[in-house]
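User: Hi! Could you walk me through this one with me?

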Amino acid sequence: MGKFNKTGKRGMPELNTSSLPDLIFTMLFFFMIVTTMREVTLKVQFQVPQGTELEKLEKKSLVSFIYIGKPMPEFQKKMGAESRIQLNDKFAEVAEVQDYIYQERENMKEEDQPFMTVSLKVDKDTKMGIVQDVKQALRQSYALKINYSATQRQ
Amino acid sequence: MARKKRGMPGINSSSTADIAFMLLIFFLTTTSMDTDRGLARRLPAPPENKDQKQDDIKVKERNVLQVRLNKDDQLMCGTDYIDVKQLKEKAKEFIANPYDDENLPEKHKKNIPLLGDCMVTEMHVISVQNDVGTSYQAYIDVQNELVAAYNELRNELGKSKFGKLYNECNEDEQKAIRDYYPQKISEAEPKKYGGK
């Protein structure tokens, strides 16, 4: 039975880690692709309403956002507690919405411009008056594809 | 000058894993996987000039479903107050007009590819009117119910004609179904009853 004789301690074979960086890199690339950085700092607080018939918002590069809600507590002293519009990084008035849309459209590739979508992220307690004004402004600037941001109702 | 070939010393790559890890963790923390979802709608084009605003498209009364929301989020459909939950059934009945009711939208014969000649309620309009003081959640609820009504009707039609849901149909079939049940939700200007 010499074949099965143990001659000396064998010890654990070392785990080959040479492919570890490759694995990590693969994961890294995955996250780099799916990641979307929030490019604006929110100055209004909002909780989007709930719905059941929602569609996914695709092609992030074609989407511009308009936020409407009450100002964050730290801005409330200056801006009051009324619902405000936020475009990019600052508070705005309804009259500025059109300029914002034109600007966003300028930044797009020409072939993409007809597919521009505007996502309205509006707090659920906002009054319709301000939303309606924004919608009229969007109509005037021919940004007709809009998306009312909402969360799925369970 | 017989020099021995030295050869490149290999770069020590044992720390690539660490660098990659750091990048990975950075992207892991900044990533937001939740996709934005929402109700997709299309706004009507703005009126070309002010004179044209009073469009001469006359819509018969039976073809219009009036949905009104007041500032206290009360919902009125047609002539009576209803709950949001009833709106879907009302809208479905209105859009499809299954029994050819005289008070519901009139039907027209239309030739739709894949479906043949059908009687469709092409002329119907659902008119949503809200007050300045209506809350956004109530407005979305109404929009949501109306879209749900259309989706259910389309799914039913898809099931009976093609044996599958609307979303599962191919492009031509979807177009046929869309022709059968076109989405017509119009939004009137909000009424302003004094003050905000």
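**Chatting through the model**

Analyst: Happy to! B:Glu61 is placed in the loop between β1 and β2 (64–69) of chain B; helices (H or I, at least four residues) and strands (E, at least two) are DSSP runs, numbered from the N terminus. This is a predicted model, where local features need pLDDT of at least 70, side-chain atom pairs count only at pLDDT 80 or more, and totals for chains, interfaces and linings use all residues. Residues are numbered from 1 along each chain as its sequence is written, while chains are lettered from A and ligands numbered from 1 in the order in which they are written.

User: Is B:Glu61 buried or exposed?

Analyst: B:Glu61 counts as exposed because it has 8 C-beta neighbours inside 10 Å. The rule is 20 or more other C-beta atoms within 10 Å for buried, 12 or fewer for exposed, and partly exposed in between, with C-beta atoms placed from the backbone.

User: How many residues of chain B are in contact with chain A?

Analyst: 40 residues of chain B are in contact with 44 residues of chain A, contact being C-beta atoms, placed from the backbone, within 7 Å. On the chain B side, α1 (16–30), β1 (37–42) and α3 (136–162) each supply at least two residues, and α1(B) gives the largest share, 9 residues.

User: And how do α1(A) and α1(B) cross?

Analyst: In a left-handed crossing, that is, the near helix is turned anticlockwise from the far one by less than a right angle (clockwise would be right-handed). The axes of α1(A), residues 20–34, and α1(B) come within 9 Å and cross at roughly 20°. Axes here are lines fitted to C-alpha atoms, for helices over the stretch in contact, with angles from 0 to 180 degrees between N-to-C directions. The two helices are therefore roughly parallel to each other (under 35 degrees; over 145 is roughly antiparallel, 65 to 115 roughly perpendicular, the rest oblique).

User: Which residues meet there?

Analyst: Among them are A:Leu20, A:Ile24, A:Phe31 and A:Met32 from α1(A), and B:Thr16, B:Phe21, B:Leu24 and B:Phe27 from α1(B).

User: Switching to strands, which one does β1(B) pair with?

Analyst: β1(B) pairs with strand β3 (residues 55–56) of chain A in the antiparallel sense over 2 bridges; pairing takes at least two DSSP bridges. A:Glu55 stands opposite B:Gly38 there.

User: What about β8(A), how many of its residues are buried?

Analyst: 4 of the 5 residues of β8(A), 145–149, are buried, so this strand is largely enclosed by the rest of the structure. Strand β7 (residues 117–122) of chain A pairs with β8(A) in the parallel sense over 3 bridges, and A:Val118 has A:Ile146 as its bridge partner.

Notes. Contact = placed C-beta atoms within 7 Å.
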